[in-house]
Amino acid sequence: MARSRQSILLAFAVGAMAAVLLASPAAAKSYNITKILAAHPEFSKFNAMLSKTRLASDINRRQTITVLALDNSAMAALDHYTLPTVRHILSLHVLVDYYGNKKLKQLSRGATASASMFQSTGTASGMSGYVNITSHKGGKVEFVSQDADDTVKPSRYVKSIKEIPYDISVLEIASVLSSSEAEAPVPPPAPVDLIELLSKKHCKSFAGLISGNADVFRTLNDTKDNGLTLFCPVDAAVAAFMPKYKNLTAKAKTAILLYHGVPDYFSLQLLKSNNGMVSTLATTSEVKKDYSYDVQNDDEKVTLVTKVVTSTVTATVGDSEPLAVYAVSKFLKPKELFKVAQAPTPAPSKKGKKEAGDDDDSSDNEDSDDATTDKGDAAPAVYGRWATAAATAGAVLALLMA
């Protein structure tokens with residue numbers, strides 16, 4: 001009976017520890033395709049082209065993905081294509097599923113078809129963005145695009161370069177996947193007058209700030225044809241922020257305006273399906289300054305969290321790759337220029353007092369040249385769970401010894 005009691009208590013201890021530890025947030029795996037390929041100089045051209053076409057950042061934001069890499073000699077086949085067309089071709093080499101070496105050799109019935117990024121982004125029509133994978137006897141594996149001509153020779157699987165199950169697999173294939181649709185010429189983007197676009201929809205006041213700052217105006221126009229997402233505060237948000245804006249230095253004014261621009265194209269669909277930190281034009285313009293913020297989504301709602309203010313995407317001003325412009329509810333305030341908003345201490349609400357967060361300026365702190373970040377909250381919470389688990393297990397083990 002005593003042994004049975006000990007078994008029950010021991011099981012309780014193990015269960016308690018498991019329950020507490022499972023409740024702790026697991027560290028999310030992350031990867032960087034540029035760094036992965038940088039360790040292999042034979043793929044330097046492929047790596048460079050992923051960055052130039054902005055596919056590298058698209059890959060890094062994805063989960064469960066396979067990159068079919070081409071060595072420097074195979075990349076020569078793309079030399080005569082324009083950059084937008086190269087983007088389409090290389091996006092066909094990014095499969096939105098995980099295929100490691102083992103999975104390739106154990107395909108059900110020896111063949112399968114996988115959607116590529118060319119397909120999943122809506123760029124390809126019909127089935128042209130799919131890639132057929134065939135495993136032959138003797139371990140030979142071949143890849144060919146769904147819309148390839150019958151005379152096209154499949155590309156042979158060479159080797160596995162890097163595998164992080166089941167997040168990313170980087171495989172070498174012998175030659176470029178041929179696709180008539182991916183190789184079709186891509187018309188250049190229509191010229192866009194950014195100031196005119198902003199002035200017509202929601203953001204006339206913000207357009208005035210941009211046009212009044214020569215450095216910002218030049219940077220945005222130099223960036224928009226290569227990939228730019230601009231978050232413009234609505235007129236009411238600009239009016240509310242103007243008293244503080246006028247007190248900023250010229251350098252800070254430039255930084256905060258550039259802070260609203262992300263040097264990459266994000267469709268609304270992509271914003272709604274991916275969470276994470278983004279770098280901004282201010283990041284690249286300021287040495288040793290972060291100037292990033294967190295893009296979060298909740299169903300159809302997209303918010304930008306800067307640690308100082310949380311702003312919501314309210315409307316699409318313009319969206320035509322490589323340029324996307326979205327109206328946001330509040331002026332984005334970086335932690336590099338303003339003090340981080342501290343989490344309010346819970347207190348009984350008193351009648352007649354305004355609720356915290358009802359007004360944009362009510363939660364603002366005074367300006368700061370070097371704001372500190374609140375990085376210490378997550379770790380104590382995790383340690384607390386470990387301590388709770390340990391205490392629970394200790395108490396039970398004490399009973400076992402009694």
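**Exercises on a predicted model**

The crossing of helices α3 and α6 has a left hand. The model is a predicted one.

**Exercise 1.** Find how the axes of α3 and α6 are placed relative to each other.

*Solution.* Start with the two helices. Helix α3 spans residues 44–52, and helix α6 spans residues 83–91. Their axes come within 10 Å. Next, take the angle: the axes cross at roughly 110 degrees. Now apply the cut-off: 65 to 115 degrees counts as roughly perpendicular. Therefore α3 and α6 are roughly perpendicular to each other.

**Exercise 2.** State which residues make the contact between α3 and α6.

*Solution.* Take α3: it supplies Phe46, Met49, Leu50 and Lys52. Then take α6: it supplies Leu83, Val86 and Leu90.

**Exercise 3.** Describe the largest nonpolar core.

*Solution.* Count first: this core has 54 residues. Then look for the residues with the most contacts inside it: Leu198, Phe206, Phe231 and Ile256. Next, ask which element gives the largest share. Strand β14, residues 323–328, gives six residues. Now zoom in on Leu198. Setting aside residues up to four places away in sequence, Leu198 touches Cys203, Lys204, Phe206, Ala207, Ile210, Leu230, Cys232 and Val325. Finally, look elsewhere. Another core, of 44 residues, lies apart from the largest one. Among its residues are Ile65, Ala69, Leu92 and Ile161.

**Exercise 4.** Summarise the whole protein: its elements, its buried share and its surface.

*Solution.* List the elements: 16 helices and 14 strands. Take the buried share: 42% of the 402 residues. End with the accessible surface: about 21,400 Å², with 55% belonging to carbon and sulfur atoms.

Conventions
Residues numbered from 1 in each chain as written. Predicted model: local features only at pLDDT ≥ 70, side-chain atom pairs only at ≥ 80, totals over all residues. Heavy atoms only, no water. Helix = DSSP H or I, 4+ residues; strand = E, 2+ residues; numbered from the N terminus. Buried < 20%, exposed > 50% of the residue type's maximum accessible area, 1.4 Å probe, protein only. Areas by Shrake-Rupley, 256 points an atom, 1.4 Å probe, with all protein chains shown as cover. Core = buried A, V, L, I, M, F, W, Y, C linked by side-chain atoms within 4.5 Å. Contact = heavy atoms within 4.5 Å. Axes fitted to C-alpha atoms, helices over the stretch in contact; angles between N-to-C directions. Parallel < 35°, antiparallel > 145°, perpendicular 65-115°, else oblique. Left-handed = near helix turned anticlockwise from the far one by under 90°.
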